[in-house]
Amino acid sequence: MKTLLSFAARTQWSGILVGVIAGGIALSFASPAFMTEFNWFVMLRSICVSLLVAFSQMVMLGVGQMNLSVGALGGLVAVVTGGLMDVWGLPAIVAIGIGIVFGGLAGFINGWLTVRTGINGFIVTLATGSAFAGINLGITKAIPFYNLSPAFVAFGNGRFGPFPLLLIVPLLVTVLLVIFFARTVEGRYMLAVGGNAHAAELSGISVARATIMAHVLSGLLAATAGVLAVAQLGSAQPTIGADWVVISFAAPIIGGASLAGGSISILGTLIAVLLVGLIQNAMVLLAVDPYWVTFLLGALILAAVWVNRYRAIRVGED
């Protein structure tokens with residue numbers, strides 16, 4: 001029991017997990033609709049895109065940088081994928097493949113500009129995000145693409161009991177990220193650069209390569225989120241990604257990622273996304289003003305940053 005309590009105290013996501021479980025129990029009593037199969041389907045479906053968006057930012061935090069173009073990049077990939085199906089009539093699998101490659105290329109541009117100019121990725125991605133958003137509006141003229149592949153849309157709305165078919169993608173991505181950061185040299189190099197870029201470079205690690213790779217991976221994840229958002233909505237809306245920035249930072253930070261870099265928690269990010277999804281679901285079921293969701297996210301981010309800072313101070317004292 002003592003070992004379990006010690007583990008819980010050292011692991012930030014353990015408290016979040018307790019919050020998810022306690023919140024679920026409380027909500028099941030407060031609203032009978034919470035435990036229905038359809039409600040679980042709606043709630044789980046709503047977190048599919050959010051989880052990929054959170055992972056996209058988590059990767060950047062791991063290398064000690066930020067990506068403010070996550071939403072604009074994902075939105076651009078969404079309209080590119082939808083446009084290829086609607087205007088060009090390409091099969092869904094081809095359009096999806098091109099869209100995801102496009103996201104990786106956009107991520108490479110972010111990383112290359114960051115490395116070549118020496119400007120902080122925060123500023124670079126702020127600029128490229130604006131450019132991506134402008135291209136998005138230029139392609140769509142603010143008009144969505146509706147004529148999508150029926151099989152693609154069916155996948156976005158399909159389910160097996162309470163579990164949406166869309167959930168397959170983020171769960172698979174979660175497993176792949178765990179393997180990448182825990183078992184591959186490149187994944188560990190990225191975290192080493194985030195922890196101490198100078199020391200990593202002295203050890204023979206290419207900081208430029210790790211930075212570019214992080215941006216490419218972030219772009220691929222944001223692109224996948226954009227594709228799933230199109231499948232979920234059944235149309236390629238030009239507004240996709242407009243509200244992703246807050247959740248992209250909230251989930252990784254609440255889940256235990258360090259703003260200073262070098263430390264991430266894939267499982268913590270997953271649980272944090274579940275917590276946010278539970279809060280949003282509770283607001284709907286209890287007919288609470290949705291603006292409280294934004295307030296709570298801000299409060300949770302501040303609390304998580306404070307906890308990270310407190311732990312850093314304690315470790316320094318020890």
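The model is predicted, so local features need pLDDT of at least 70, side-chain atom pairs count only at pLDDT 80 or more, and totals for chains, interfaces and linings use all residues. Residues are numbered from 1 along each chain as its sequence is written, and side-chain values use heavy atoms, with hydrogens and water left out.

Colleague: What volume does the largest pocket have?
Modeller: A pocket is an open set of points on a 1 Å grid over the protein atoms alone, where a 1.4 Å probe fits, with protein on both sides within 12 Å along at least five of seven lines. Its volume is the space filled by probe spheres set on the points, which are joined across faces, edges and corners. For the largest pocket that comes to about 500 Å³.

Colleague: Which residues are closest to the centre of the largest pocket?
Modeller: Lining residues have an atom within 4 Å of a point. The largest pocket has 18 of them. Closest to the centre are S50, D243, W244, I247 and Q280.

Colleague: Which helix gives the most to the lining of the largest pocket?
Modeller: Helices are DSSP runs (H or I, at least four residues), numbered from the N terminus. At least two lining residues each come from α3 (37–62), α11 (207–233), α12 (244–255), α13 (266–285) and α14 (291–317). The top contributor, with four residues, is α3.

Colleague: How many residues of the lining of the largest pocket are charged?
Modeller: Ala, Val, Leu, Ile, Met, Phe, Trp, Tyr, Cys and Pro count as nonpolar, Asp, Glu, Lys and Arg as charged, and the others, Gly among them, as polar. The lining has 11 nonpolar and six polar residues. The charged count is one.

Colleague: Are α12 and α13 oblique or roughly parallel to each other?
Modeller: Axes are lines fitted to C-alpha atoms over the stretch in contact, and angles run from 0 to 180 degrees between N-to-C directions. α12 and α13 pack at about 120°, with axes 7 Å apart. Angles under 35 degrees count as roughly parallel, over 145 as roughly antiparallel, 65 to 115 as roughly perpendicular and the rest as oblique. α12 and α13 are therefore oblique.

Colleague: Which residues of α11 make the contact with α7?
Modeller: The axes of α7 (residues 150–157) and α11 come within 7 Å and cross at roughly 90°. That makes the two helices roughly perpendicular. Contact means heavy atoms within 4.5 Å. F152, V153, G156 and N157 of α7 meet, in α11, V227, V230, A231 and Q232.

Colleague: Are α4 and α5 roughly antiparallel or roughly parallel to each other?
Modeller: α4 (residues 70–86) and α5 (residues 92–117) have axes 9 Å apart. Their packing angle is about 150°. They are therefore roughly antiparallel.
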